[in-house]
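Let's take a walk through this structure together. Have the sequence and the 3D view ready.

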Amino acid sequence: MVIIIMSLGIKGKFVVGFDGFEHRIIRDGVVIVDEKRVKHVGKSYGGKVDRWIDASTGLIMPGLINTHIHAATAPKDKGFIDDTGARHFYMSSLGENLTALGQAMRGPDYEVFAKFSLAECLKSGNTTIVEIGILENLGVDKTVRVISDLGIRATESPTIADGAWERSQAADLRTRWLGVEAGLKKIDEAERFVKTHRGACEGRLMPAIYGDTVDKCSSELQKAIRAKVNELKVPVTIHAGQWVVEFNNMIRMYRRTPVEFLRDTGLLGPDLIIGHGWAIAGHPLVGYPSVDGGDLAILAKSGATVSHDPLVFIKRGNKMHSHTAYLKAGVNVSIGTDTVPQDLLNEMRLASYTSKLADWDCHSGASRDIFNSATLGGARGIGRSDLGRLASGALADITIVDLETFNGVPYRDPIKNLINSSQRADVTWVIVNGKIVVEEGKLTTIDERKLLRDVQKSAEGVWERIPDHHYLKQRADEISPLAYKLWEG
Ligand SMILES: [Zn+2]
């Protein structure tokens, strides 16, 4: 049950307030919420509220924004994609193991997994998500119900494409074109969803337009997506620069990099969020020359946002070259989780550390830049100036992280502690749209214990069915061997 309160006051050890230009730290501050918006941020408040939350050892901060997540399918990956990948696909599991895993899912699994992923997001202080896939897998009614019930804020869209990946046993993965009509039909579907669901879930559901991947959307389709986005004025995203195979295929098909192709179709623009965007010209793994500033300069000039989702790529030995290099080039960077665990705090930490490692520089991936990406950067990506910040008039999406924990003490700089030490278990309260959805670390919107049991049961079924869908008929333990051999006898 969501707890509904008209006005709420929160006292905290630290408040991350927004002064109109940047985040600032207020020691011993307060945040006042009136219905679904922030009314006041400051040192004190003389008025009355219906309820006070005393977070005297807490960091009160804007709810985090996750710009890339596949909620309905992600949990199946846990313990499965770890230490696993296809060497012939540059260590990615795309087009190989992930295809079999995905095809082994059944209807009810998607719903259980979607609820679990959204619950994970909220419990790690992540209040807004750019979710990709629930709608495609659950249909409109169930999607709206899941987002409504869990209490999260989400963009959502059908997935638009006029191509499909097709591979031979020789690991030659190519796009099979289906005809642009197939994609245009999906644009119509997306438009219907936008028109019927704008403002749904008390405004938490933000209908959007999603292109699938840069190599599954033809030039004609990308132009049509751009025209529809301009008309409907909704968030838009597409996967691009997500693996080396895609990069090479784009060069082969078009003699252009994925980013150059997006520029030439017109889809690239200040409202576009690019999922991943790490496989670009000049990246050492891609090995393709970058001239005149290359893809980074094109991205920066366009104002587009790159969703940096480090963990899933780190597991493959891949990564975006450096968070700081993108910022220095002038690119807006946001952060996402992509797959399990849906733990944005963990992704923020990894974004910081991988940046330092890439640049051999302790100043790279600075806590302040990472926090900005997970708040203001994400908000800019989805075109919202009322999210990712705590200021009078902003939407009341608030996360409280307790600092009086083994991860939190001693605290001097709460943002550096957050990026370098705090864990999602330290998240105590989460408020979305003025409603409390996590209270004292527990979700108020769902039975956590039942959800965990349901997820385990669904995943066991998916792993069992893998050989029916794997191109070599392999079992789960053959594709992704257990860390240790079983000892039973
Ligand atoms: Zn994705």
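We'll start with the metal site and then move on to one helix.

First, some ground rules: this is a predicted model, where local features need pLDDT of at least 70 and side-chain atom pairs count only at pLDDT 80 or more, while totals for chains, interfaces and linings use all residues. Residues are numbered from 1 along each chain as its sequence is written, and side-chain values use heavy atoms, with hydrogens and water left out.

So what holds the zinc ion? H68, H70 and H239 coordinate the zinc ion, each through NE2, at 1.9 to 2.1 Å. Donors here are N, O and S atoms within 2.8 Å of the metal (3.2 Å for Na, K and Ca), and since water is not among the atoms, sites may look incomplete. Along the chain, the donors are spaced as H-x1-H-x168-H. H68 is buried, at 0% relative accessible area, and H70 counts as buried too, at 18%. Buried means under 20% relative accessible area, exposed over 50%, and partly exposed in between (1.4 Å probe, protein chains only).

Now for helix 4, residues 180–197. Helices (H or I, at least four residues) and strands (E, at least two) are DSSP runs, numbered from the N terminus. Its buried residues include V180, I187, F193 and H197. The face turned away from the buried side carries exposed E181, K185, R192, K195 and T196. After helix 4 comes G199, with a positive phi near 85°.

Conventions:
The expected span of a helix is 1.5 Å times one less than its number of residues.
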